[in-house]
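Please keep the sequence and the model side by side while reading.

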Number of protein chains: 2
Amino acid sequence: MKIHADSPRTDETALPVVHLRRPRWGDPETPGELPTAAAALVGAEGSEQGEDQQRGVAPDDVVLAEPVIPAAARSALVEALGVHRVTDDHRARIDHTRGYSTPDILALRSGDAGDAPDLVVSPGSHDDVLRILEICAVHHVAVVPFTGGTSVVGGLAPDRTGFAGVVSVDLTRLDGLVEIDEISRTATLQAGLRGVRAEELLRAKGYTLGHFPQSYAGAGIGGYAATRSAGQSSAGYGRFDEIVEGLTLATPRGTVTVGTAPRSAAGPDLRQLFLGSEGAFGIITEVTVRVRPAPEHRVFEGWRFDDFDSGSDALRALAQDGPMPTVLRLSDETETAINLADPDGAGADDDATAQGGCLVVVGYEGHREEVEARRTTTGRVLAQAGGLALGTGPGEAWRTGRFRAPYLRDPLLDAGVLVETLETVTYWSRLTDLKAAVTAALTDTLTEAGTPPLVMCHISHVYPAGASLYFTVVCPQADDPIAQWSAAKIAANDAIRTTGASITHHHAVGRNHRAAYHDEIGELALAALRAVKQTLDPEGVCNPGILL
Amino acid sequence: MKIHADSPRTDETALPVVHLRRPRWGDPETPGELPTAAAALVGAEGSEQGEDQQRGVAPDDVVLAEPVIPAAARSALVEALGVHRVTDDHRARIDHTRGYSTPDILALRSGDAGDAPDLVVSPGSHDDVLRILEICAVHHVAVVPFTGGTSVVGGLAPDRTGFAGVVSVDLTRLDGLVEIDEISRTATLQAGLRGVRAEELLRAKGYTLGHFPQSYAGAGIGGYAATRSAGQSSAGYGRFDEIVEGLTLATPRGTVTVGTAPRSAAGPDLRQLFLGSEGAFGIITEVTVRVRPAPEHRVFEGWRFDDFDSGSDALRALAQDGPMPTVLRLSDETETAINLADPDGAGADDDATAQGGCLVVVGYEGHREEVEARRTTTGRVLAQAGGLALGTGPGEAWRTGRFRAPYLRDPLLDAGVLVETLETVTYWSRLTDLKAAVTAALTDTLTEAGTPPLVMCHISHVYPAGASLYFTVVCPQADDPIAQWSAAKIAANDAIRTTGASITHHHAVGRNHRAAYHDEIGELALAALRAVKQTLDPEGVCNPGILL
C-alpha cells in the first residue's frame with residue numbers, strides 16, 4: 001500500500017545504518033504513521049485503539065528466563081572473545097530474539113520471549129567464529145548466526161530441545177569491505193556488514209551492489225547469502241545467489257572456502273550448496289560478490305494493464321525475449337486499487353488511474369544512453385502487450401517509498417489490524433493457478449474465522465521460465481492473532497505445495513517453512529543435506545531446527 | 001586450427017546423429033583429412049607415417065579380459081531388462097571403453113582396453129535404471145553411466161578395485177523429448193538423447209537448445225548435465241548448468257527429483273549439487289531445460305586485435321557492460337597465425353590478416369532486428385577497444401568449421417603428431433598470469449622432453465568476473481606419447497592450481513583431474529560431498545573413482 005514518499009531517507013544511497021530494536025521496525029527517526037485512508041480501507045477503528053495496543057509489554061518489561069548456558073562454555077567464550085564480547089544483558093537478549101514476522105512481533109508484544117538466546121557473543125574475526133563454534137560444539141550449545149535479525153520465517157529461533165543453551169553470534173563487528181578487484185569487478189565483504197553500509201562503502205569507490213530487499217534498512221551480507229535474498233532490483237542486478245562468486249564458511253569442523261572461478265565444471269557448484277544453508281552448516285563469515293558501476297542515470301515509470309493476466313504476459317515477454325529493466329513488478333487489481341486510493345497517490349494521469357486495472361512499475365538504471373535505449377525497447381514491448389504508459393509519477397512514487405512499507409506494519413498492528421506477507425514462485429504455465437489457489441486459501445480461512453481479509457498480490461521477480469508471487473494480507477485482528485494467522489498460513493502453504501510451487505521465493509525456510517520444505521525436496525534429498533550437516537556439524541549445534 | 005569449411009554437415013541443424021565407434025571420432029562419412037599446411041606446421045613427416053600408425057591395433061583385434069560379472073548379477077540384469085539389453089559383445093565393450101582424450105585414443109590404438117566394462121546394459125526407462133542400480137549395489141558391481149561417451153577426463157573409466165565387475169549403463173534408448181512447456185519455455189528431455197537429435201526435435205517445434213559443445217556430434221543430454229557442459233554459443237544461450245530447470249536422478253537408494261521453480265530461497269540449490277556430479281551420486285535420467293525460439297537470423301564476423309591483452313580487454317568490456325553476443329571468442333597470436341596460415345583461410349581483408357594479431361569471432365543469433373541492433377552496439381565496443389572489423393568471412397569460416405576440429409585429431413595422430421587440449425577458468429585479474437603459467441609449463445615440459453610444442457590458446461567463454469582459457473598443444477609424438485602427455489598435463493595442472501584457477505572450465509573432473517579437484521575444493525568440502533555420496537550410494541558402486 002502507498003506510504004509517504006517525500007523523505008530523502010527512503011533513497012537507497014541515503015538511508016542510515018539502523019540497528020533494529022525489537023519489536024518495532026527501523027530507524028526511530030522514521031516513525032510509521034498510519035495513513036487515514038489505509039486505516040479506513042482495512043476497517044481499523046482509528047488511532048486510539050492503536051495507542052492502547054502499541055504499548056503491549058514494553059521490551060524492558062518482558063520477563064526472560066534465566067540464561068542456562070553451562071559455566072564452562074561461558075568462561076571459554078569469555079576467554080576467547082573478551083568479557084565485553086559476551087553478554088546476557090536483558091536488552092541484548094531481547095534484540096536477538098526471533099525476527100520480524102508479524103507473529104514474531106505479536107509474540108514479543110504479548111511478553112513472550114521464549115526464544116531469547118541465553119548469550120549474545122560478538123566475534124571480531126573469522127577465527128573468533130571458528131572458536132565459538134568449537135566451544136559450542138564441545139558444550140552442546142546451539143548457535144544462531146545473526147547479522148541484521150530480519151528473518152520473517154523463524155530463522156533466528158532454533159529448537160533448543162536437548163541443547164545446553166542457545167548463543168546468538170552477532171556478526172556486526174565483521175563489517176569490513178575487505179577488497180575490491182576492479183578488473184574482475186568483485187568485492188569481498190564481511191558477513192556482518194549491513195546492506196546499507198555495504199552500499200555506502202561501494203558507492204565511495206564508484207560501485208553498487210544493487211541489492212535492495214525490503215529488509216534493506218536492517219539486513220546484512222551474511223543474511224543475504226544464508227537465505228538467498230532477492231532485492232527489488234534483482235531483474236537488473238541479479239538475486240544475491242546469482243552475484244556471489246565465493247564465500248567462506250566457518251563450521252565446527254573448520255573452514256570451507258568456495259569459489260575458485262566464476263563458473264567451473266569442477267564438480268557440484270559448492271557455492272549453491274552453502275547459499276541458502278541458513279546457518280545449519282555453519283556461519284558464513286565472508287562473501288565475494290560481483291559489483292557494478294554505480295548508475296549515473298535512472299528512470300522509474302508506471303504502466304497500466306487491464307488485468308493481471310495481460311500484465312503478466314507482458315512481463316513474461318520481457319523475461320523471455322528481453323530487454324530486462326532493472327526493476328520490474330506488477331501489482332494485481334486489488335493492490336493497484338489500494339495504492340491508488342491513497343490521496344497522496346500515484347501522480348499519474350487521472351483518466352488512466354481512474355480506470356483501475358493493474359500497475360506495472362518499471363525501473364532502468366545505468367549509463368544514460370543505455371538506459372534510454374533499454375527504456376525505448378522495453379516500452380515498445382509493453383505497449384504492444386496492451387500497456388498504457390503512465391509516465392514517471394507512479395514509478396518514482398514507488399521508488400522513493402519502497403523501503404517504508406515495513407514501517408507501516410507497526411501502526412497497523414497498533415490499530416488492531418493484522419498484516420502479513422508471504423511469497424512463492426513457480427513456472428509461468430502454473431502462475432494463474434497458483435495465484436488463485438493461494439488467494440482462495442487465505443480468503444476462505446480468514447473469512448471462516450470471521451475476519452474477511454483483503455488479499456493483495458504482486459509479481460516482484462521474473463525469470464525466463466517463471467515468476468514469484470508476493471501476497472500481502474490485511475484483516476482485522478482476532479482475539480488470538482497468532483493463531484489466526486497460523487491457520488491462514490497453513491492453508492496458503494498447502495495451496496502452494498498442491499500447486500507444485502516452491503514454499504518460498506526469497507524469505508527462506510527457517511523454522512516456519514520447514515515441513516513444507518521437506519515435502520518440497522523429498523526424503524532422499526533431505527537425507528543428503530542432513531549428511532552434509534552431519535559432516536560439517538557433527539554435534540548438530542548449528543541453528544538446530546532451522547531448514548533441516 | 002583451420003579445417004575444411006564447406007560441408008553442410010558442419011551446421012548444427014544438419015549434422016547426423018552419430019554413434020561414435022572407437023577409436024576414431026565422429027561420422028564415418030566425414031573422414032578427417034590432414035591439411036598439408038597443418039602437417040608442415042607441426043613438423044609431421046607426411047602421410048605415409050600416418051598410414052602406418054593409423055592401423056595400430058584394430059578394435060576387433062584388441063584383446064579383452066574375460067567379463068568378470070557375478071552370474072547372479074548378470075541373471076538379475078537379464079531378468080530386469082531382457083536378454084537383448086544385456087551384452088558382453090566384444091565391440092560393445094570396446095565402444096564403451098574410456099572416452100575421447102588423446103591418451104584414451106592412444107591407449108586403445110596400442111591394444112589396451114583394460115578399462116573396458118564387463119557388461120553393457122541398455123535400460124528403456126527410469127525404473128530400469130533404478131533396478132540396475134539396485135542390482136549392482138547388491139552385487140557390488142561398479143556402474144558407469146554412458147550417453148555419448150565423449151569424456152576427455154577419464155569419466156568413463158571407474159576404479160574397479162574391490163568391485164565384482166563394471167557395468168556400462170548405455171542410456172541411448174532414453175532418447176525422448178518428453179514435453180515442451182511453451183508458456184514457460186522449457187523442455188523435458190531424456191538423458192540418453194543426443195545433442196544433435198535434441199536440437200532436431202526442438203527445431204521441429206520452432207525452438208533451440210542452443211547448446212553446441214565441440215563434442216556435439218556424439219554427446220548427449222545426460223552427459224551435458226553430469227559434466228556441466230558449456231557450448232560454443234554459451235555466451236548467448238548459457239552454459240548447460242545455467243539452463244537446467246530441473247532433473248531426475250536415479251540412485252541406489254531411489255529417485256531424487258529437483259527443480260520446483262526457476263529460482264527459490266528454499267535451501268541449497270539442489271540442481272547445482274547434482275549437476276557436475278559425474279555419475280558419482282547416481283544416474284541422471286531426465287533433464288528439464290530452458291529453450292529459446294530457433295533463431296531466424298544470424299551473423300558471424302571476425303575482428304582483429306593487436307594482441308591478446310587488448311582483445312581480452314574488449315571481451316571483458318562486453319562481459320561486464322554488455323551487450324553480449326551469442327558467440328564470443330578470442331584466439332591468441334599463435335592460434336590466430338595457425339588459423340590464417342591455412343591456404344583455405346579466413347577470407348578476410350588481406351591487409352588486416354597480414355598484420356597478424358589476434359582474431360576475435362563474434363556471432364549473433366535471434367530476431368533480425370535484435371541481431372542487427374546488438375551487432376551495432378557490440379561493434380562500437382569492439383572498435384573503441386581497438387578492434388578492426390574483418391567482416392563476416394572469418395566468422396562464417398569458424399562457424400561452418402567448428403565441429404570438424406575433433407576429426408582432425410585422428411589424422412594428426414596417424415601422422416606422428418601429438419595433439420591434445422586442456423582448459424581452465426579464472427577471474428579477469430588473474431587471466432594473464434594464468435595464460436603465461438600454463439603456456440610455460442607445457443612448453444618447458446615438452447621442450448625438455450625433446451619435443452618442443454606449439455601451444456595455442458583461446459578464450460572461449462566469458463563471464464562478468466572472469467573467463468576460460470582453452471589450450472591446444474601440438475608437438476611430435478615421443479616413443480611413449482601417453483607418458484609424454486602425462487608429464488605435460490601434470491605440469492599444466494600444477495600451474496593452474498598454483499595460479500588459483502579452477503582445474504576445469506567445461507571438461508569436468510573425471511578420474512584425470514581428481515587429485516587437482518580435491519586440492520581445489522579442500523578436505524572439508526570433499527568430506528561433505530562424500531557424505532552425500534554415502535547417503536545416495538551407500539555401497540559406493542556409482543562411477544567409483546570418478547570425481548570423489
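A residue is called buried when its relative accessible area is under 20%, exposed when that area is over 50%, and partly exposed in between. The model to which these words are applied here is a predicted one. A:Asp313, with a relative accessible area of 41%, is therefore partly exposed. The side chain of A:Asp313 meets that of A:Arg316 in a salt bridge, with 3.8 Å from N to O. Both residues belong to helix H12 of chain A, which covers residues 308-321, and because they are 3 residues apart there, about one helical turn separates them.

Other pairs join parts of a chain that lie further along the sequence. In chain A, A:Asp115 and A:Arg98 form a salt bridge whose closest N and O atoms are 2.6 Å apart. A:Asp115 sits in the loop between helix H5 (102-109) and strand S2 (119-121), and A:Arg98 sits in the loop between helix H4 (90-95) and H5, so the pair ties together parts that are 17 residues apart in sequence. The two partners can be described in terms of accessibility as well: A:Asp115 is partly exposed, at a relative accessible area of 24%, whereas A:Arg98, at 8%, counts as buried.

In chain B, a salt bridge links B:Arg109 with B:Asp414, and the closest N and O atoms of this pair are 2.8 Å apart. Since B:Arg109 lies in helix H5 (residues 102-109) and B:Asp414 in helix H17 (residues 405-414), the pair ties together parts of chain B that are 305 residues apart in sequence. B:Arg109 is buried, with a relative accessible area of 10%, and B:Asp414 is buried too, with a relative accessible area of 4%. Salt bridges can also be linked to one another, and A:Arg21, A:Asp60, A:Arg91 and A:Asp95 make up such a network. Over all chains, a search of the whole structure finds 62 salt bridges.

Next comes a stretch with an entry in a record. For chain A, UniProt lists residues 113-294, in an unreviewed entry, as "domain: FAD-binding PCMH-type".

In chain B, helix H6 runs over residues 126-139, and its 14 residues should span 20 Å at 1.5 Å a residue, which agrees with the 20 Å between its end C-alpha atoms. Buried residues of H6(B) include B:His126, B:Val129, B:Ile132 and B:Cys136. After H6(B) comes B:His140, which has a positive phi, near 55°.

At the interface, 78 residues of chain A are in contact with 78 residues of chain B. Because 100% of the interface residues of chain A are also interface residues in chain B, the copies meet through the same surface. Between them the two chains bury about 5,500 Å², of which 62% is on carbon and sulfur atoms. Across this interface the rule finds 6 salt bridges. A:Arg185 and B:Asp321 form a salt bridge, and their closest N and O atoms are 2.9 Å apart.

Key:
Residues numbered from 1 in each chain as written. Chains lettered and ligands numbered in written order. Predicted model: local features only at pLDDT ≥ 70, side-chain atom pairs only at ≥ 80, totals over all residues. Heavy atoms only, no water. Contact = heavy atoms within 4.5 Å. UniProt positions renumbered as here; feature names shortened; annotations may be inferred. Helix = DSSP H or I, 4+ residues; strand = E, 2+ residues; numbered from the N terminus. Expected span 1.5 Å × (residues − 1). Buried < 20%, exposed > 50% of the residue type's maximum accessible area, 1.4 Å probe, protein only. Buried area = accessible area lost by both parts, 1.4 Å probe. Salt bridge = Lys/Arg side-chain N within 4 Å of Asp/Glu carboxyl O.
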